[in-house]
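Student: I have a new model on screen and want to learn how to read it. Where do we begin?

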Amino acid sequence: MKKLFIFFMAVAVSTFAFASSETPLAKSILKSVSKCTVTAYGTYHYPNGNNVDVSCTKSASSCAQAQADAANCRDLNVCNAVRSFGLEPSPTLNCPKVSEFENP
Amino acid sequence: MKKLIRLFVFFLMFFIPASRVCAFSDGDSVIKIIYKRSYNNPPFPESTNNQYIIIDGNKSYCLFGEGVRGKDGKIGARVDLMKDFGNHTLYFMGPMIPEYTVNDYWSDSLPAMHWTIVNQFTTIKNNYCQKAVTNFRGREYTAFFALNIPIQDGPWKFCGLPGLIVKLGDSKGIYNFEMTSFEKVPNEYNLGIGKENGDYSLYKPLFKKWHLRRLEKDKARREADPNCLDCGEGVTVRYTFIENLLD
């Protein structure tokens, strides 16, 4: 009876210990495999009253990277739309040089 | 009684031209109007910008930005649109690169829309306003014009009401304009437009062709390099036209 009690106590303690250690381990595994997804939006008001809307959803292992990729993607698309109209985009946009673009 | 009727007709003759004022002229001054333009087309977030209008004599200039003062002390700005009330013609910028640049303009009728004035009144920013509605090139608009400001102008192509348009929006809530400032300022502007290439009926099919070619080129570029930074599954580029140019 005493042996049985000791056996059950051992099982209970080990289960608790396993559970306690497993939780943060599972979290860290999830962190390393999960991706952060960010969407960046942009709208350009054409002088003729029309609009172009851009949205870019990008995923990366870090949120900072996903944010940067989404913002770059949005700016490039807006730059493209602005330049296709014959206008020079605002310097606040991260636009590549004109030579890298092809007019439609 | 006859004398009274004659007197009434005499005053009426003065009243009619006064109520049809469509321009402003006061020597060295111009009227500067600022409209807050809101664009709300879900799922994209709402965005706003300002539309600046300068009324100088018979001409009204809709500017792209507030303008920049040059070395000569004059303020210059790219003109999106000019309403020439003297010639009943509107000119708008319509680049289609590479054939037509930002210096190429196209003409349109003035006013370009037919209004129905409704018997509804309200006060907006201390202006006593009346309601008017129109269906213009694919969108239904409601406007409120100021009965106390007899200037037949408004934002973008909108004009032709007995008073200045102080608020305007389409039935879907996508395009909205609201006057935020109206003032008389010294005429320090040096404004003008480029070459006129034709009227709206010529511009529309050319724009459609150009726009579709632009979309095809962009599609081809994205297909050639699916991993480019501005490409991929999560990328959406959507064009919205205030007037239906793709019919």
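Tutor: We begin with a term. Strands are DSSP runs of at least two residues, numbered from the N terminus. Pro43(B) is found in the loop between β1 and β2 of chain B. Keep in mind that this is a predicted model.

Student: What is the peptide bond from Pro42(B) to Pro43(B), cis or trans?

Tutor: General idea first: most peptide bonds are trans. The bond from Pro42(B) to Pro43(B) is cis, with omega near 10 degrees. Leu110(B) and Pro111(B) are also joined by a cis bond, with omega about -5 degrees. Pro111(B) sits in the loop between β6 (104-109) and β7 (116-124) of chain B.

Student: How do I read phi? What is the phi of Asn126(B)?

Tutor: Most residues other than glycine have a negative phi. Asn126(B) has a positive phi, near 65 degrees. Asn126(B) lies in the loop between β7 and β8 (127-136) of chain B. At a relative accessible area of 75%, Asn126(B) is exposed, because the cut-off for exposed is over 50%. Arg137(B) also has a positive phi, near 45 degrees. Arg137(B) is in the loop between β8 and β9 (139-146) of chain B, and at 23% relative accessibility it counts as partly exposed.

Student: Now strands. Which strands does β1(B) pair with?

Tutor: In a regular strand the side chains alternate between the two faces of the sheet. Now the pairing. β1(B) is joined to β11(B), residues 175-186, by 11 bridges, and the two run antiparallel. There, Ile34(B) stands opposite Ser181(B). β1(B) is joined to β2(B), residues 47-56, by 9 bridges, again antiparallel. There, Tyr35(B) has Gln51(B) as its bridge partner.

Student: Why is β1(B) called largely enclosed?

Tutor: 10 of its 11 residues are buried, so β1(B) is largely enclosed by the rest of the structure.

Student: How many residues does the largest nonpolar core have?

Tutor: In soluble globular proteins, nonpolar side chains tend to be buried together. Here the largest nonpolar core has 76 residues, and Trp115(B) and Phe158(B) have the most contacts inside it. β1(B) gives the most to this core, with 6 residues. Domain 1 (12-197) and domain 2 (200-241) of chain B both contribute, so the core lies between them.

Student: How do I read aromatic pairs? How many are there over all chains?

Tutor: Look at the distance between ring centres and the angle between planes. A search of the whole structure finds 19 pairs over all chains. Take Phe92(B) and Tyr203(B): their ring centres are 4.8 Å apart and their planes are at 80 degrees, so the pair is edge-to-face. Phe92(B) is in strand β5(B) and Tyr203(B) in helix α2(B), so the pair ties together parts that are 111 residues apart in sequence. Phe92(B) is buried at 3% relative accessible area, and Tyr203(B) is buried at 2%. Both belong to one aromatic cluster, with Trp106(B) and Trp210(B) among its other members.

Student: Which charged residues lie over the faces of Phe92(B) and Tyr200(B)?

Tutor: Lys157(B) lies over the face of Phe92(B), at 4.0 Å from the ring centre. Arg137(B) lies over the face of Tyr200(B), at 3.7 Å from the ring centre.

Student: And chain A? In what order do its elements run?

Tutor: From the N terminus on, they run α-β-β-α. Helix α2(A), residues 63-84, reaches 31 Å from its first C-alpha to its last, close to the 32 Å expected. Just after α2(A), Gly86(A) takes a positive phi of about 90 degrees. Of the 104 residues of chain A, 38% count as buried.

Technical notes:
Residues numbered from 1 in each chain as written. Chains lettered and ligands numbered in written order. Predicted model: local features only at pLDDT ≥ 70, side-chain atom pairs only at ≥ 80, totals over all residues. Heavy atoms only, no water. Buried < 20%, exposed > 50% of the residue type's maximum accessible area, 1.4 Å probe, protein only. Helix = DSSP H or I, 4+ residues; strand = E, 2+ residues; numbered from the N terminus. Pairing = 2+ DSSP bridges. Phe/Tyr/Trp six-rings, centres within 6.5 Å; stacked < 30°, edge-to-face > 60°. Lys NZ or Arg CZ within 6 Å of the ring centre and 35° of its normal. Expected span 1.5 Å × (residues − 1). Core = buried A, V, L, I, M, F, W, Y, C linked by side-chain atoms within 4.5 Å. Domains from an automatic or database assignment.
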